[in-house]
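This briefing concerns the sheet of the structure shown below, the helices on that sheet and the aromatic pairs.

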Amino acid sequence: VAAARGGVCALRTRSGVGVAARRAKVGAVSAVKDSDADAAAKERGSESAATGAAAVAAAAAKDVPFEIRGFSLANFGVALGLAITGYSFYGYFSSNGTASGTSLGFVYGVPVLLIGLALKYAELKPVPVASTPEGLALRESKATAIQKKIVKDVTRHRYGDEAHLDSALKALGLIPRGAACPELVRLSEQEIGGEYALGLEFFSKETPYSEWEKQLPKYDRFFGPNVRCEVQKLDEAKRLVELKIITTSTGSQS
């Protein structure tokens with residue numbers, strides 16, 4: 001009997017040890033899972049924070065070594081092509097087809113005209129800017145590098161892009177599958193609480209306002225650092241939405 005009781009006690013002891021070991025193992029697995037989840041969350045945050053900088057770098061890669069602001073290369077190409085071709089026609093008919101330079105004019109004039117027309121088709125016109133004196137002054141002293149880059153890019157003629165800031169809107173998930181890209185129609189610069197505020201006004205024909213609100217948590221990381229973002233419905237009938245990027249720093253981030 002005593003031996004049997006001893007065996008039962010030993011079995012209970014081994015069973016308790018086994019249960020404790022299993023509980024310790026489960027606890028270790030849970031800790032590893034929690035650690036992995038935290039690491040994944042941090043990684044997602046880092047990726048989101050880097051997206052804005054990556055978009056700016058991609059835009060910078062498209063920049064040409066020089067800029068011609070306030071001037072349409074497409075209009076110049078069309079005008080030059082028309083002038084050369086028109087002069088060639090005039091020389092041809094006025095000389096009854098004997099002028100030696102008319103064929104040369106056709107050879108160069110028509111291709112230049114076609115290039116100008118192609119550029120005209122692919123041209124994005126500069127976006128108008130409405131700036132208050134305070135906002136304009138704060139752009140130089142407090143605007144971040146990304147804010148200055150946006151103003152610089154959208155206020156000049158661009159060629160070959162679908163729309164102004166199209167790559168940024170795609171990265172933010174603001175272009176539904178098969179839908180047209182929201183069109184940037186105006187910039188605004190103003191002072192809000194001593195900070196520089198850059199407003200981006202979009203004609204959002206196919207992207208509902210609910211989608212702009214849904215993606216709001218991404219904006220600060222995308223356009224950051226040192227900014228906070230707000231989104232506002234300006235006119236429901238006209239499908240106008242404003243995304244406002246406001247600095248939160250005390251000095252220039254250029």
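Strands (E, at least two residues) and helices (H or I, at least four) are DSSP runs numbered from the N terminus, and two strands pair if DSSP finds at least two bridges between them. The model is predicted: local features need pLDDT of at least 70, side-chain atom pairs count only at pLDDT 80 or more, and totals for chains, interfaces and linings use all residues. Residues are numbered from 1 along each chain as its sequence is written, and side-chain values use heavy atoms, leaving out hydrogens and water.

**Sheet**
- Five strands form an open sheet in the order E2-E4-E5-E7-E6, with mixed pairing.
- Strands E2 (129-131) and E6 (227-235) are at the edges with a single partner strand each, so one side of each lacks a neighbour in the sheet.
- Strands E4 (residues 183-192) and E5 (residues 195-203) run antiparallel and are joined by nine bridges; Leu184 has Phe202 in E5 as its bridge partner.

**Helices on the sheet**
- Helix H4 (residues 133-142) packs on the sheet and touches E2, E4, E5 and strand E7 (240-247), where contact means heavy atoms within 4.5 Å.
- Helix H8 (residues 216-223) also packs on the sheet, touching E6 and E7.

**Aromatic pairs**
- The structure holds two aromatic pairs (ring centres of Phe, Tyr or the six-membered ring of Trp within 6.5 Å; planes under 30 degrees apart are stacked, over 60 edge-to-face, the rest tilted).
- Phe202 and Trp212 form a tilted pair, 5.2 Å centre to centre with 40° between the planes; this pair links strand E5 to helix H7 (residues 209-214).
- The rings of Phe222 and Phe223 are edge-to-face, with centres 5.0 Å apart and planes at 80°.
- Phe202 is buried at a relative accessible area of 1%, and Trp212 is buried at 0% (buried: under 20%; exposed: over 50%; partly exposed: in between; 1.4 Å probe, protein chains only).

Key: Axes fitted to C-alpha atoms, helices over the stretch in contact; angles between N-to-C directions.
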